[in-house]
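Q: I would like to learn how to read a structure of this kind. Please show it and take me through the features in turn.

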Amino acid sequence: MTETARRSTETVAPRRFAGDTLVIASHNKGKVREIAALLGRYVANFPSAGELGLPEPEETEKTFIGNAALKALAAAKASGLPALADDSGLAVDALDGAPGIYSARWAGPEKDFALAMEKVRRELALAPDRKGDRAHFVCALALAWPDGHVEAVEGQAHGTLTFPPRGSKGFGYDPIFIPDGHGTTTYAELDPDQKHAISHRADAFRQLVARCFG
Ligand SMILES: O=c1nc[nH]c2c1ncn2[C@H]1C[C@H](O)[C@@H](COP(=O)(O)OP(=O)(O)OP(=O)(O)O)O1
Ligand SMILES: [Mg+2]
């Protein structure tokens, strides 16, 4: 059998989550809050890596999925429990996908997102006009077990950028992102429930739940 034929006929069943405790392998409070809201129906306890005193691993991979898997595996091995990590970011078309996997790093050691959003505005002003203000958020989720097994998915949400930043809900780059289909409202002006209905993180969770939960 050729490699292609084998791939198209082989169906490896995904591993499903069983148990009541899932470590949330993130040190970002905004994310942990959103993950808890999106996952609450499926899992009883979800201690965060921060609460468990787990170290924050260096994100050395070149893709969202790679970094999500790296963070989930580190937490699963350190805790002896299944762990879920989220690697996410904002990809701006006119910046060839930047800041992308470097979205957290653009905010510097102080995690200053006013600074990071200003950097996006400045870079966009230098980019060729014709490329416009399109951007999308990406969210990769990786669910890892202490034996090294990983299930991973990736979600997206498309929209446009606006300056100056508007709104105080949410976190990170939310104040400059207008999701498609919501007029001129930024992510940071939406209520949490509204963001959860349309976000990149919600898109990724729909896929992960179908694969591994419920
Ligand atoms: O819904 C979002 N709304 C606004 N901004 C967002 C969102 N989702 C990701 N982002 C931005 C900010 C965040 O800092 C970075 C992710 O970087 P990323 O390395 O995945 O997370 P992180 O370092 O903040 O926490 P951790 O790695 O411990 O989960 O992208
Ligand atoms: Mg990070």
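The dialogue below goes from confidence and overall fold to the core, one proline and the ligand shell.

Q: What kind of model is this, and how are its parts numbered?
A: This is a predicted model, in which local features need pLDDT of at least 70 and side-chain atom pairs count only at pLDDT 80 or more, while totals for chains, interfaces and linings use all residues. Residues are numbered from 1 along each chain as its sequence is written, with chains lettered from A and ligands numbered from 1 in the order in which they are written.

Q: What average pLDDT does the protein chain have?
A: pLDDT is the predictor's confidence in each residue, from 0 to 100. Here the average is 94, and 95% of the residues score at least 70. The model has ipTM 0.99 and pTM 0.94.

Q: How many helices and strands are there in the protein chain?
A: Both are DSSP runs numbered from the N terminus: helices are H or I with at least four residues, strands are E with at least two. The protein chain has six helices and five strands, in the order α-β-α-α-β-α-β-β-β-α-α.

Q: Which radius of gyration does the protein chain have, and what would a compact globule have?
A: The radius is taken over C-alpha atoms, and the globule rule is 2.2 Å times the number of residues to the power 0.38. For 214 residues the rule gives a value near 17 Å, and the chain has 18 Å, which agrees.

Q: Which residues touch the most other members of the largest nonpolar core?
A: Such a core is a set of buried Ala, Val, Leu, Ile, Met, Phe, Trp, Tyr and Cys residues joined through C-beta atoms within 7 Å. This core has 53 residues, and A72, A75, A83, L141 and A142 touch the most other members. Contact means C-beta atoms, placed from the backbone, within 7 Å. Beyond four places in sequence, A75 contacts V23, A25, A49, L54, A83 and A85.

Q: Is P165 buried or exposed?
A: A residue is buried with 20 or more other C-beta atoms within 10 Å of its own, exposed with 12 or fewer, and partly exposed in between; C-beta atoms are placed from the backbone. P165 counts as buried because it has 20 such neighbours inside 10 Å. P165 lies in the loop between β4 and β5 (177-179).

Q: Which residues come nearest to ligand 1?
A: A residue is near a molecule if its C-beta atom, placed from the backbone, lies within 6 Å of it. Of the 23 residues around ligand 1, S26, N28, S103, A104 and G172 come nearest. Strand β2 (residues 83-92) gives the largest share, five residues.

Note on methods:
Contact = placed C-beta atoms within 7 Å.
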